[in-house]
Structures are given as C-alpha cells and as structure tokens.
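Colleague: Please take me through one residue of this model up close. I'd like to see how that spot sits within the whole fold.

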Amino acid sequence: MAYNWWVIRVLCNKSLEEVIFWRLDSFGCRGTASQIQGKNCLVLAYLPEEQTQLLDLSALSLNFRQDALCMNFPVPIMDWYLIEEEDWASSWKQYWQPQEIGDHFLIHPAWLDLPEQSDKIILRLDPGAAFGTGTHPTTQLCLESLEMRLGLEPHPEAIIADIGCGSGILSIGAALLGVHQIYAVDIDPLAIRSTINNGKLNQIKAEKLIVEQGDIKKLIKLCPKPVDGIVCNILAEVIIDIIPHLTAIAKPKTWGIISGILLEQAKLIGDTLEQNGWVVATLWKKEEWCCFNIRYS
Ligand SMILES: C[S@@+](CC[C@H](N)C(=O)[O-])C[C@H]1O[C@@H](n2cnc3c(N)ncnc32)[C@H](O)[C@@H]1O
C-alpha cells in the first residue's frame with residue numbers, strides 16, 4: 001500500500017530553531033532536519049499522513065506565530081504538502097549531515113562516504129522513520145553521559161538495557177564504547193527494524209544487541225539477570241510509569257541515564273527516582289531539556 005507523509009517546512013529566525021524543533025517533536029513528527037539560510041533557518045519535519053489533519057497543521061502554524069511574537073521575532077513562514085514514502089526517504093536525507101557529539105562520537109548518515117581519517121568513534125545511522133538522529137538535545141545528553149560513564153576502556157562484562165531505543169543510537173553508542181551485551185526495547189515496530197539495521201551497519205553482532213518490540217515488562221522478561229546500566233530517553237509522562245519497574249532489572253550500583261525530561265518536570269522525576277531507591281548523581285541540562293545520571297543504592 002502506498003504510504004504518504006506530510007512534509008512540514010518552517011522558515012524562521014535562527015533563534016527560534018529550538019522552539020520550533022520542540023513543537024514539531026511534541027506534534028509527533030518522525031524526522032526533523034534543519035538548514036541555516038543566512039539569518040534564517042529552514043526546519044523540515046515529516047509525519048505519516050494519517051497522524052494529523054489539516055486543521056491540526058493550521059493550529060501548529062498559529063503556535064509558531066505566537067511563539068515568535070512572544071519572543072519578538074518575525075513570524076515564521078510555514079507550509080506543508082504530502083509526498084509518497086519513497087520520496088520522503090530521499091528528501092529528508094539531503095538535510096542531515098554528520099554531527100560530532102561529546103568528545104568522541106561522530107554520527108554519520110549511512111548514505112554518505114566515511115571520512116578517510118578520523119579519530120572519532122563513527123556511529124553510522126539510517127534512522128528511517130524512527131526517532132534518534134542525534135540532532136535532539138536529549139539524545140546528545142544521553143550519548144555524552146554514556147561517554148562519561150563508560151570512558152574508552154572496554155567493558156567485557158557490562159550489560160546494559162535501552163528502553164525506547166528508537167533508531168538504536170544509544171545502544172549502538174554503548175556497543176561502540178565496548179559494552180558486552182545490550183537489551184533494547186521499543187513499542188514502535190519501525191524502531192525495532194531501524195535498531196536491527198543500524199546494528200548491522202555498525203558491525204555489531206546480533207547476539208550482542210538483542211532487540212525486541214515492547215515496553216519495560218518485555219525488557220524485564222528479556223534480561224536474564226540485573227543489568228549494569230540503563231539508558232532511557234522517553235517523555236517524562238512515560239518515564240514516571242517506568243521508574244517503579246526499574247528495580248526488577250537493577251542491582252546495587254546499577255547506573256542509569258534518564259532523559260526526555262523538560263526542566264520543569266525534573267523535580268517530579270527526581271522525587272520519583274529517589275522514592276524508588278535511586279540516587280541522583282548529576283543532572284545535565286541542554287536547552288529546555290535535562291538528563292539524570294543516577295545510581296541504584
Ligand atoms: C525520544 S525517542 C528516543 C530514541 C533514542 N533512544 C534516542 O535517544 O534518540 C523515544 C522512543 O521511545 C519509544 N517509546 C515510547 N513509549 C515507550 C514505552 N512505554 N516503552 C518503550 N518504548 C517507548 C518511542 O517509540 C521512541 O522510539
């Protein structure tokens with residue numbers, strides 16, 4: 001069956017880029033990309049046709065207008081049109097470029113030639129329709145936390161769990177940092193397909209990266225024993241429900257990297273973590289997002 005996608009294009013002042021990304025993300029867009037054009041920025045986002053109505057798109061453009069007026073910037077120009085799935089893949093790919101994250105990672109679109117020389121850990125990615133290109137602040141916070149947590153030494157015994165794996169970017173990042181075994185779940189079947197493909201793209205053996213469709217309950221069944229680390233980058237509303245279940249896969253000193261949380265939601269998440277036996281070690285912030293680095297006591 002032919003599958004159509006909305007392309008949403010927003011031309012805005014560069015300073016509005018993050019707000020626009022945040023709104024598009026909350027609206028449910030699957031892929032976002034941006035391109036600087038002088039003082040302006042062209043933001044593109046993609047959304048399956050059946051996931052929205054024309055009226056919702058008009059409301060979204062009004063939100064952009066209000067954001068810009070509140071912040072004293074010119075009103076963004078937004079338009080939208082439908083394309084077929086095959087065109088979606090090629091259209092979005094033009095705008096996504098290699099990106100360095102943290103001290104060591106270089107996120108590299110799968111369809112571009114690799115650099116001839118690089119001292120970076122190259123993480124090749126074709127996210128397809130799944131979330132996780134590395135352009136979102138929460139993904140960046142998680143990768144930076146993983147880097148800090150794991151360093152560059154191999155971890156031949158370490159087992160980690162990735163809840164809401166999306167494109168697999170965090171699981172693969174952990175594998176490239178030398179983690180021995182990763183269990184990853186996501187409720188979205190497209191994310192499962194994407195994580196498996198990206199694992200292969202980065203030459204990660206299938207037995208090292210076990211990926212299954214499902215939520216935390218599925219993960220608990222999947223993990224044969226408590227894990228050493230947990231990464232979870234999902235919205236705070238979902239994380240609140242997941243926290244009480246984490247104990248089932250934790251042991252003393254299990255660490256966690258938990259993001260997808262807006263700054264104003266940090267207190268609620270921090271309190272819930274502490275009530276469930278987790279110690280908050282650090283809270284990292286990027287733009288309006290934060291990331292908890294925690295340890296089970
Ligand atoms: C913000 S994306 C994160 C993707 C990737 N891990 C990253 O850091 O870029 C959140 C992912 O969580 C998945 N998700 C949402 N609710 C979930 C749940 N209850 N259990 C497992 N996965 C969930 C979504 O399908 C989505 O792929």
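Modeller: Radius of gyration here is taken over C-alpha atoms, and the globule rule is 2.2 Å times the number of residues to the power 0.38. For 297 residues that rule puts a compact globule near 19 Å, and the protein agrees because its own value is 19 Å. Bear in mind that this is a predicted model, where local features need pLDDT of at least 70, side-chain atom pairs count only at pLDDT 80 or more, and totals for chains, interfaces and linings use all residues. Numbering runs from 1 along each chain as its sequence is written, and side-chain values use heavy atoms, leaving out hydrogens and water.

The C-alpha trace spans about 50 × 45 × 40 Å along the principal axes. The protein has nine helices and 14 strands (DSSP runs numbered from the N terminus: H or I, at least four residues, for helices; E, at least two, for strands).

Now for the spot itself: let's go with Ile216, which sits in helix 7, residues 216-222. Ile216 counts as buried because its relative accessibility is 6% (buried is under 20%, exposed over 50%, partly exposed in between, with a 1.4 Å probe and protein chains only). Buried residues make up 49% of the 297 in the protein.

What does Ile216 touch? Leaving aside residues up to four places away in sequence, the partners are Ile163, Ile242, His245, Leu246 and Ile249, with contact meaning heavy atoms within 4.5 Å. Across the protein, 68% of the contacts with a separation of 6 or more join residues 24 or more positions apart. Glu116, by comparison, lies 100 residues from Ile216 in sequence and 40 Å away in space, C-alpha to C-alpha.
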